Amino acid sequence: MIEVKNISKTFNGTQVLHNISGKFERGKTNLIIGSSGTGKSVLLKCIVGLIIPEEGKVLYDGRKFLEADKEEKAQMRREIGMLFQGNALFDSKNIEQNVMFPLDLLTDMSKSEKADRVNNVLERVGLENVNKKMPSEISGGMKKRVGLARAIVNEINYLFCDEPNSGLDPRSSLLIDELIQEITHELNVTTIVVTHDMNSVMGIGEYIMYLANGRNVWEGNSDTIISADQEDLQDFIFASKFMKKLKKTL
Ligand SMILES: Nc1ncnc2c1ncn2[C@@H]1O[C@H](COP(=O)(O)OP(=O)(O)OP(=O)(O)O)[C@@H](O)[C@H]1O
C-alpha cells in the first residue's frame, strides 16, 4: 500500500496541491483523475520522488520515502515500475534491449537469465516474435505493451502509469487497461494510474481519487462515481455528448 498524507506543493507562489491525503491499496488499480492542470502529474511525481513537496508524507508499505536516505530510496526505486505517457522507449535499441534495460541497470543477472525474464514478460503482455524489431516498426498499442513489459521486468511492488491510453484508439485503450488490471491482480502490486479517460475510470477504477484545483475532493470507485453528488465531478464525468445522452437514460 502507498499512503500519502497531507501533501502540499507550491510553484512560484502558486499552490498546486493542497493537503492531499489518500490510500492506494496493494492488488488494486488505483486511479488519480481530474481535469487538465488539476495536479495529477505533480502528485504522481511527489509519490515517485521527482518533486519534493513542502509538506506531507509518502509511505511505501509504511516506509517513509521522502525522509529515506539515498540507499533506502534506491531500494524503493528498484521496487517501482513506471509506464510513461510517451512510452520513453529508446529508438536506437530493439524491443528486447529496451525491455532488458532495467535488468542491465539494476541487477547482476546472467545474460541467459535476463533473456528468459524478457521473453516471459513480453509473452505476458501478448507480444511474441518482436524481440529484434525496432520501436519504429511496431504500432502505438504495441509500444505501450513494450513499456508495460519493461515496467514489470524487475520484481516490482509498485506500478505507476501516467496516462496509459494517450494516443490510443478506444479498443487498444481497453486492452491496455485490462492488461494493467490483470497484471496488478496477478503480481499483487500497488498500481496507481493517472488518467482523464472516462472509459478507464469506469473499467478499472477500483479506487478513484478525484482532484479539482489541487484538492482531493472525492474518493470512491467505478460503482459509486456515477452517483457522486459533487457538481464539478458530475461535469467531469458527463463532459462528452455521449455521456450527456447516457446521463438522460440513468
Ligand atoms: N515544474 C513545474 N513548475 C511550475 N509549475 C508547474 C510545474 N509542474 C506543474 N506545474 C503546474 O502545476 C499545475 C498542475 O499540473 P499537472 O501537470 O499536475 O496537471 P495535470 O492534472 O496532470 O494535467 P494534465 O491532465 O493536463 O496532464 C499546472 O498549473 C502546471 O502548470
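Where is Ser139 found? Ser139 lies in the loop between α4 (111-124) and α5 (140-151); helices are DSSP runs of H or I with at least four residues, numbered from the N terminus. The model is a predicted one, in which local features need pLDDT of at least 70, side-chain atom pairs count only at pLDDT 80 or more, and totals for chains, interfaces and linings use all residues. Residues are numbered from 1 along each chain as its sequence is written.

The mean pLDDT of the protein is 91, on a scale of predictor confidence in each residue from 0 to 100. A value of 70 or more is reached by 100% of the residues. For the complex, the predictor gives an ipTM of 0.96 and a pTM of 0.93.

Ser139 is exposed because 10 other C-beta atoms lie within 10 Å (exposed: 12 or fewer; partly exposed: in between; buried: 20 or more; C-beta atoms placed from the backbone). Ser139 and Leu168 are 29 residues apart in sequence. Their C-alpha atoms are 9.8 Å apart in space.

The largest nonpolar core has 56 residues. Such a core is a set of buried Ala, Val, Leu, Ile, Met, Phe, Trp, Tyr and Cys residues joined through C-beta atoms within 7 Å. Val99, Ala149 and Ile152 have the most contacts inside it. Leaving aside residues up to four places away in sequence, Ile152 touches Gly81, Val121, Leu159, Ile183 and Leu187 (contact: C-beta atoms, placed from the backbone, within 7 Å).

The residues surrounding the ligand include Phe11, Val16, Lys40 and His196 (C-beta atom, placed from the backbone, within 6 Å). Helix α1 (residues 40-48) gives the most to this shell, with three residues.

Technical notes:
Two residues are in contact if their C-beta atoms, placed from the backbone, lie within 7 Å. Helices (H or I, at least four residues) and strands (E, at least two) are DSSP runs, numbered from the N terminus.
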